[in-house]
Amino acid sequence: MNRFDVTGKTAVVTGAGRGIGKALALGLAEAGAKVACVARTETDIREVVREIQQMGGTAFAIQADLTEDAAPEKVAASVMEKWGSLGHLDQQRRHEHPQTSARRINGGLGQGR
């Protein structure tokens, strides 16, 4: 029995270009999620997307600097345009509590806070 099956779910992983974020993006893709890989360095996330696609997963890259106020809304809009929904949101943002950005994203989508 697979205890971690997220087939068909949408995951947004920030900091996906390296380290824990990359490992999380690859793990979620392996478990069946569609993964939006977000990071400041586009070359890093394009490589992660390529790795996910080579293992048969679905992913795309979003270059964004989450220290900028408009970035969470940019990320949410990109994912909504590509896949129509936001599912799991992982935040690797260092200076802000993850729920703060998640609330900002949800507020940007008109889903309350």
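Biologist: Is strand β1 enclosed or open to the outside, and why?
Modeller: In this predicted model, five of the five residues of β1, residues 10–14, are buried, so the strand is largely enclosed by the rest of the structure.
Biologist: Which way do its side chains point?
Modeller: T10, V12 and T14 point one way, while A11 and V13 point the other way, and all are buried.
Biologist: How many bridges join β1 to β2?
Modeller: Five, and the two strands run parallel, with β2 spanning residues 34–39. T14 stands opposite V38 in β2.
Biologist: Nice. What about the largest nonpolar core?
Modeller: That core has 19 residues, and A25, L28, V35, C37 and I52 have the most contacts inside it. At least two residues each come from β1, α1, β2, α2 (42–54) and β3 (58–63). Another core, of 11 residues, lies apart from it and includes V38, F60, L66 and A71.
Biologist: Switching topic: how many aromatic pairs are there?
Modeller: One. F60 sits in strand β3 and W83 in helix α3 (residues 71–83), so the pair links parts of the chain 23 residues apart.

Biologist: Are those two buried or exposed?
Modeller: F60 is buried at 13% relative accessible area, and W83 is buried at 17%.
Biologist: And what lies over the face of F60?
Modeller: K82 does, at 5.3 Å from the ring centre.

Conventions:
Residues are numbered from 1 along each chain as its sequence is written. This is a predicted model: local features need pLDDT of at least 70, side-chain atom pairs count only at pLDDT 80 or more; totals for chains, interfaces and linings use all residues. Side-chain values use heavy atoms; hydrogens and water are left out. Buried means under 20% relative accessible area, exposed over 50%, partly exposed in between (1.4 Å probe, protein chains only). Helices (H or I, at least four residues) and strands (E, at least two) are DSSP runs, numbered from the N terminus. Two strands pair if DSSP finds at least two bridges between them. A nonpolar core is a set of buried Ala, Val, Leu, Ile, Met, Phe, Trp, Tyr and Cys residues joined through side-chain atoms within 4.5 Å. Rings of Phe, Tyr and Trp (its six-membered ring) pair if their centres lie within 6.5 Å; planes under 30 degrees apart count as stacked, over 60 as edge-to-face and the rest as tilted. A charge sits over a ring if NZ of Lys or CZ of Arg is within 6 Å of the ring centre and within 35 degrees of the ring normal.
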